[in-house]
Amino acid sequence: MNILTMLWKNLWGGNRTLQFPARPTIGQRFRGLVKFDAEKCIGCGICKNRCTSRAIEFKGGKTDNTWSYDPGQCTFCGRCIEGCKDGAIWQEEDTPPIYTTQGELKETHTIQRKPPAARAAAAAAAKPPVAPDATAAAAPAPPAAPAVAPESATGGAQ
């Protein structure tokens, strides 16, 4: 392509940049801001460990846990969502709001610690009960090996 033709198209081709308040259209599988539901959170902290950009902070205490999310650091990869088995976090399907100050969208939630018994009861309620080992009790015992006579073991009686 001729350089002059390219310059002509770039200079007089019109605007290709959206002005400030306008937003691009969103694709089908868009991943937006991470949202958090403190009621569903059990306080495992897996979301913090899976966050590669360190946008999620999780601090455990004796009586409560603190969960914070800073979208300014987030890469919107979705790894934290994949790690949360309780569904306490998810991503919005809309673009984040426009912000001008660093840390303006940062969220912090305080979660009361649940005792281990309550966590175990919640986990047991989520899983269906498993029947005791019914397959082992129903299966017949294997037949015992026949006893070998001492004479046959030595090659006969002498």
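## Reading a predicted chain, value by value

Tutor: In this predicted model, 69% of the contacts in the protein chain with a separation of 6 or more are between residues 24 or more positions apart.

Student: What makes two residues a contact here?

Tutor: Their heavy atoms must come within 4.5 Å.

Student: Where does Ser68 sit in the secondary structure?

Tutor: Ser68 belongs to strand S3, which covers residues 64-69. The protein chain has 6 helices and 5 strands, and from the N terminus the order reads α-β-α-β-β-α-β-β-α-α-α.

Student: Why is Ser68 called buried?

Tutor: Buried means under 20% relative accessible area. Ser68 has 7%, so Ser68 is buried. Across the protein chain, buried residues make up 18% of the 158 residues.

Student: And why is Ile3 called exposed?

Tutor: Exposed requires over 50%. Ile3, in helix H1 (residues 3-12), has a relative accessible area of 52%, so the label exposed applies.

Student: Which residues make the nonpolar surface patch?

Tutor: Ile3, Leu4, Met6, Leu7, Trp8, Leu11 and Trp12 make a patch of about 830 Å². A patch residue needs over 30% relative accessible area, and Ile3, at 52%, therefore passes that cut-off.

Student: How much of the accessible surface belongs to carbon and sulfur atoms?

Tutor: The protein chain has an accessible surface of about 12,400 Å², and carbon and sulfur atoms hold 57% of that.

Student: Let's turn to the cysteines. How many disulfides does a search of the whole structure find?

Tutor: The search returns 0 disulfides. Take Cys77: its nearest cysteine sulfur is that of Cys80, 6.3 Å away. A disulfide needs the two sulfur atoms within 2.5 Å, so Cys77 is in no disulfide.

Student: What makes Cys84 count as buried?

Tutor: Cys84 has 17% relative accessibility, and the cut-off is under 20%, so Cys84 counts as buried.

Methods:
Residues numbered from 1 in each chain as written. Predicted model: local features only at pLDDT ≥ 70, side-chain atom pairs only at ≥ 80, totals over all residues. Heavy atoms only, no water. Helix = DSSP H or I, 4+ residues; strand = E, 2+ residues; numbered from the N terminus. Buried < 20%, exposed > 50% of the residue type's maximum accessible area, 1.4 Å probe, protein only. Patch = residues over 30% accessible without salt bridge, like charges linked within 9 Å, V, L, I, M, F, W, Y side chains within 5 Å. Areas by Shrake-Rupley, 256 points an atom, 1.4 Å probe, with all protein chains shown as cover. Salt bridge = Lys/Arg side-chain N within 4 Å of Asp/Glu carboxyl O.
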